[in-house]
Amino acid sequence: MNFLAHAWLASSGSDDFLYGNLVADGVKGSDLSAWTSDVAHGIRHHRKVDAWVDQHPSVLGAKQRAPQGKRRYAGIALDIVWDHFLARDKAGRDEQQKLVTRCYDLLSARSAPNRLEAMVPYLVEHDWLRNYADFEFTCNAVAGLGRRLSGPNRLAELIPWLHRDYALLEADFQSLWPALSATLSSSGRNPVR
């Protein structure tokens, strides 16, 4: 659910490509024939980025530091925390403002897949992509996502760890983001060769 990171990584592409990256978490399965080719390409790009990120040593290390019994959910929380660091580091910059406006315009003009249909208008209305710069807002978003999952809110249970591990998570992000950006640049914006 790291909308902002995927938006940055897809920002040089067409609106359809960017839209595909933004809604990919709401699309199930490998049959993307219902989507235009650029949207489908964006969905595949998002999935490749996720696969690359999930195997990065910084992410694997962060997951190992998560409390036992909750590590299965740590990756979801980390995705949102990565958006926090990105939003915080780029807050107020003109390029960030333009990208966020572009994302909101796309998400407002098009319907989101069923799994995201209810969340996307709320995301736009409450300006999540800018508000992620505030860590408390980010933690509330993590807990809110946990309420959408069945069973106990395991994501909310990770909030104390996110606070406690903040400096280490920031260092993880500072390793992850440049490596991901460099990989995309060197491979023609395709993180998996």
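Student: How many salt bridges does the structure hold?

Tutor: There are 11 salt bridges in the structure. That term stands for a side-chain nitrogen of Lys or Arg within 4 Å of a carboxyl oxygen of Asp or Glu. Before we dig in, keep in mind that this is a predicted model, where local features need pLDDT of at least 70, side-chain atom pairs count only at pLDDT 80 or more, and totals for chains, interfaces and linings use all residues. Residues are numbered from 1 along each chain as its sequence is written, and side-chain values use heavy atoms, with hydrogens and water left out.

Let's begin with D16 and R110, whose side chains meet in a salt bridge at 2.8 Å, N to O. This pair joins distant parts of the chain: D16 sits in helix 2, while R110 is in the loop between helix 6 (94-109) and helix 7 (114-117), 94 residues apart. (Helices here are DSSP runs of H or I, at least four residues long, numbered from the N terminus.) How open are the two partners? D16 counts as partly exposed because its relative accessibility is 24%, and R110 gets the label too because its relative accessible area is 28%. For that label, buried means under 20% relative accessible area and exposed over 50%, with partly exposed in between, using a 1.4 Å probe and protein chains only.

Next up is E157, which forms a salt bridge with K70, with 3.8 Å between the closest N and O atoms. Here both partners are in loops: E157 in the one between helix 10 (135-148) and helix 11 (159-164), K70 in the one between helix 4 (57-65) and helix 5, so the bridge ties together parts that are 87 residues apart in sequence. With a relative accessible area of 32%, E157 is partly exposed.

Now turn to R88, which pairs with E170 in a salt bridge whose closest N and O atoms are 2.6 Å apart. Once again distant parts of the chain are linked, with R88 in helix 5 and E170 in helix 12, 82 residues apart. Both ends are partly exposed, since R88 has 27% relative accessibility and E170 has 25%.

It isn't always a simple couple, either. R65, D165 and D172 are linked in a network of salt bridges.

A cavity is a set of points on a 1 Å grid over the protein atoms alone where a 1.4 Å probe fits but cannot get out, and lining residues have an atom within 4 Å of a point. In total, 13 residues line this largest cavity, and N2, A5, V53, W82 and L180 lie nearest its centre. Helix 12 gives the largest share of that lining, four residues.

One last stop is T36, found in the loop between helix 2 (15-23) and helix 3. T36 counts as partly exposed because its relative accessibility is 44%.

Note on methods: 1 Å grid on protein atoms, 1.4 Å probe; cavity = no way out; pocket = protein on both sides within 12 Å on 5 of 7 lines; lining within 4 Å. Helix = DSSP H or I, 4+ residues; strand = E, 2+ residues; numbered from the N terminus.
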